Amino acid sequence: MDEIEAKILLNEDDVKQIVSVLGEPHFFSQKNTFYVQGSQFVRVREERGKTILTVKGARKHGKFNRRSEQEIVSQLPKKHITGLLELLSFQETLSYEKYRAEYLSYGCTVALDILPDGRYYLEVEGKTRKIEMALRYLNLGHHPIEKMSYAELLQNKCKGHISEAAEVF
């Protein structure tokens with residue numbers, strides 16, 4: 001299945017606007033760990049008592065971020081999933097925790113995220129036309145779409161190369 005999303009870097013006024021329109025956020029933790037083997041990578045996410053294994057395909061061109069995505073949701077502890085990945089020769093490359101609040105708007109999942117470095121991002125996932133409608137409703141239609149993934153953004157920050165408004169993982 002294809003995932004289509006818009007990711008936008010937010011400033012303080014943007015966050016206030018989102019909260020005024022969608023309501024007070026209720027944040028939860030998402031722990032993300034990336035594993036790589038050759039050119040293949042997977043993400044293991046822990047959130048709200050679940051472990052989610054995600055494999056994403058190559059990026060596709062378009063106005064918004066688009067790529068194929070397959071997920072398996074498990075009630076098993078993370079160590080069982082990561083043990084399997086290690087048996088398959090995948091190696092851990094990056095791990096981070098972010099905080100997320102989720103809303104629904106215009107048939108889209110709208111996620112307000114706080115990265116470990118304190119930056120706020122908004123992700124709107126759904127069908128292209130619905131994403132456009134949700135962004136207009138939130139008065140964010142004019143903001144640039146970030147093309148890098150959170151993993152790329154965090155790796156670049158560690159290297160000292162941040163894109164102001166520039167996704168693989």
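Both Lys56 and Glu69 are buried, buried meaning under 20% relative accessible area, exposed over 50% and partly exposed in between (1.4 Å probe, protein chains only). Their side chains meet in a salt bridge (3.4 Å, N to O), a term for a side-chain nitrogen of Lys or Arg within 4 Å of a carboxyl oxygen of Asp or Glu. This pair links distant parts of the chain, Lys56 in strand β4 and Glu69 in strand β5, 13 residues apart. Helices (H or I, at least four residues) and strands (E, at least two) are DSSP runs, numbered from the N terminus.

The model is predicted: local features need pLDDT of at least 70, side-chain atom pairs count only at pLDDT 80 or more, and totals for chains, interfaces and linings use all residues. Residues are numbered from 1 along each chain as its sequence is written, and side-chain values use heavy atoms, with hydrogens and water left out.

**Salt bridges**
- The structure holds 18 salt bridges.
- Glu102 and Arg48 meet through their side chains in a salt bridge (3.3 Å, N to O).
- Because Glu102 lies in strand β6 (residues 91-105) and Arg48 in the loop between β3 and β4, the pair ties together parts that are 54 residues apart in sequence.
- Glu102 is partly exposed at 37% relative accessibility, whereas Arg48 is exposed at 52%.
- Arg119 forms a salt bridge with Asp117, with the closest N and O atoms 2.7 Å apart; Arg119 is buried at 14% relative accessible area, and Asp117 is partly exposed at 28%.
- A network of salt bridges links Lys7, Glu47, Arg48, Lys98, Arg100, Glu102, Asp113 and Glu123.

**Asp113**
- Asp113 sits in strand β7 (residues 108-114) and is buried, with a relative accessible area of 0%.
- Its side chain makes polar contacts with the side chains of Arg100 (2.6 Å) and Tyr150 (2.7 Å).
- A polar contact is a pair of N or O atoms within 3.5 Å; within protein, one must be able to donate a hydrogen and the other to accept it, and residues adjacent in sequence count only if both atoms are side-chain atoms.

**Helix α2**
- In helix α2 (residues 78-87), the buried residues are Ile81, Thr82 and Leu85.
- Seen down the axis of α2, these residues fall within an arc of 90°, so they line one face of the helix; the arc is that of the directions from the helix axis to the C-beta atoms.
- The face turned away from the buried side of α2 carries the exposed residues Lys79, Glu86 and Leu87.
- Thr82 has a relative accessible area of 10% and touches Tyr35 and Val44, not counting residues up to four places away in sequence, contact meaning heavy atoms within 4.5 Å.
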